[in-house]
Amino acid sequence: MNQTCCPQYTIRCHPLQFQPSKSHKKVLKKMLKFLAKGEISKGNCEDEPMDSTMEDAVDGDFALMNKLDIKCDLKTLSSDLKVSIESEEKEKEKSLKKEGSKDLIHPQAIEEKLGSGEPSHSIKVHIGPKPGKGADLSKPPCRKAKEMRKERKRLKLMQQSSAGAFEGFQAQGQPVSLLPKAKSNQPKSLEDLIFESLPEDASHKLEVRVVRSSPPSPQFKATFQESYQVYKRYQMVIHKDPPDKPAVSQFTRFLCNSPLEAEHPANGPECGYGSFHQQYWLDGKIIAVGVIDILPYCVSSVYLYYDPDYSFLSLGVYSALREIAFTRQLHEKTSQLSYYYMGFYIHSCPKMRYKGQYRPSDLLCPETYVWVPIEQCLPSLDNSKYCRFNQDPQAEDEGRSKELDRLRVFHRRSAMPYGVYKNHQEDPSEEAVVLEYANLVGQKCSERMLLFRH
């Protein structure tokens with residue numbers, strides 16, 4: 001970790017506390033529009049937004065502009081507030097007209113001014129734009145963002161004051177049905193956004209199926225070829241692999257074979273533990289596959305591949321949100337299953353930073369192996385690509401190897417403790433290699449696994 005060019009830090013998300021950001025909601029709404037009406041977004045088709053903070057800020061500005069372009073319904077406002085707004089608007093128009101008349105100067109006057117030797121910067125010249133170019137003077141000038149924010153705040157205050165007046169009416173015995181319905185400020189949950197009901201005549205149907213990949217279930221075998229073709233096309237188009245590289249054998253070794261055994265404990269999820277493919281079926285065909293491991297304490301995201309024709313749906317972000325929702329669903333049955341592992345966070349690789357946008361999340365300290373909130377880690381990573389996240393200088397790895405002699409070795413077809421094995425060794429470099437292994441796996445694993453020595 002301290003030697004590689006791109007240190008990889010294990011990252012985990014807390015699905016139970018997860019709240020989708022504006023950019024996440026945008027992706028979910030885009031999917032719903034596509035399913036309901038077949039609408040295809042003409043925006044950015046990048047799969048993972050590299051900077052959700054910036055994107056959220058931009059989204060917020062556009063949302064503000066759109067809201068302010070819609071005229072506020074003044075019917076609920078008291079008459080004195082209406083008058084004040086209207087008079088303010090008239091004053092603005094008058095001042096604009098006056099400024100306009102002052103700024104327009106006859107060309108002859110310009111020549112005289114220039115000829116007199118007076119400084120030219122004192123002349124204001126506003127020449128009408130050519131047809132199809134420049135601002136349209138017949139329309140009101142564009143407002144600045146700051147001005148629009150003030151206006152929005154003022155309208156909000158006015159609406160609140162009108163709501164207060166209505167509460168007074170209610171106290172005097174007015175029926176509740178005549179009052180405007182208050183909007184709930186409770187944000188929609190991730191599940192509300194994903195599983196929002198579609199019209200009966202929806203343009204498309206999306207179905208997500210979870211099939212066991214190792215050992216392969218009948219459903220996995222039946223869809224293997226179709227799933228592989230999506231993978232092959234993804235590798236060739238997105239990662240520019242030559243046609244012979246994403247072979248069936250490579251696909252099987254990479255994403256199908258797994259060392260995890262299938263388990264179905266009574267207190268576990270209905271699907272059991274092990275390795276799975278989460279298939280996304282659109283109108284009867286596979287468009288994406290998320291490769292995941294379901295473990296006693298977490299869902300671990302391994303890989304995603306998708307049909308490049310559907311890049312416009314931001315399937316990388318969409319699948320991550322579905323996997324977070326899936327983890328929450330499994331937690332309802334298996335309470336200890338409460339984390340979503342996203343593999344590695346690589347801060348020194350901008351394309352891999354998107355994983356830090358699913359919050360709250362933690363990074364694993366590479367020296368003491370404790371989890372640290374990502375917000376505390378980012379300032380350090382901006383200064384140095386390798387960091388120890390644990391701020392306690394005295395802290396050590398609690399699980400480090402402390403008793404090397406208890407480490408298990410497999411030598412000449414026999415399992416034995418390292419304390420027995422080392423008595424038969426004369427190579428002085430052997431202990432350094434074994435010690436490095438022990439430090440990497442820790443005390444518990446060094447006693448459960450076998451280190452093969454030839």
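A charge is taken to sit over a ring if NZ of Lys or CZ of Arg is within 6 Å of the ring centre and within 35 degrees of the ring normal. In this predicted model, the charged end of Arg12 meets that criterion at the ring of Tyr339, 4.0 Å from its centre. The charged end of Arg209 likewise sits over the ring of Trp281, 4.0 Å from the ring centre.

The model is predicted, with local features needing pLDDT of at least 70, side-chain atom pairs counting only at pLDDT 80 or more, and totals for chains, interfaces and linings using all residues. Residues are numbered from 1 along each chain as its sequence is written, and side-chain values use heavy atoms, with hydrogens and water left out.

A search of the whole structure found 17 aromatic pairs (rings of Phe, Tyr and Trp, the last by its six-membered ring, with centres within 6.5 Å; stacked if the planes are under 30 degrees apart, edge-to-face if over 60, tilted for the rest). Among them, Phe18 and Tyr358 are stacked, at 6.4 Å centre to centre and 25° between the planes. Phe18 lies in the loop between strand S1 (9-13) and helix H1 (22-37), and Tyr358 in the loop between strand S6 (339-345) and strand S7 (361-364), 340 residues apart (helices, H or I of at least four residues, and strands, E of at least two, are DSSP runs numbered from the N terminus). Phe18 and Tyr358 are both buried (under 20% relative accessible area, 1.4 Å probe, protein chains only; exposed is over 50%, partly exposed in between).

Phe224 and Phe251 form a tilted pair, 5.5 Å centre to centre with 55° between the planes. This pair links helix H8 (residues 224-237), which holds Phe224, to helix H9 (residues 248-256), which holds Phe251, across 27 residues. Phe224 and Phe251 are buried.
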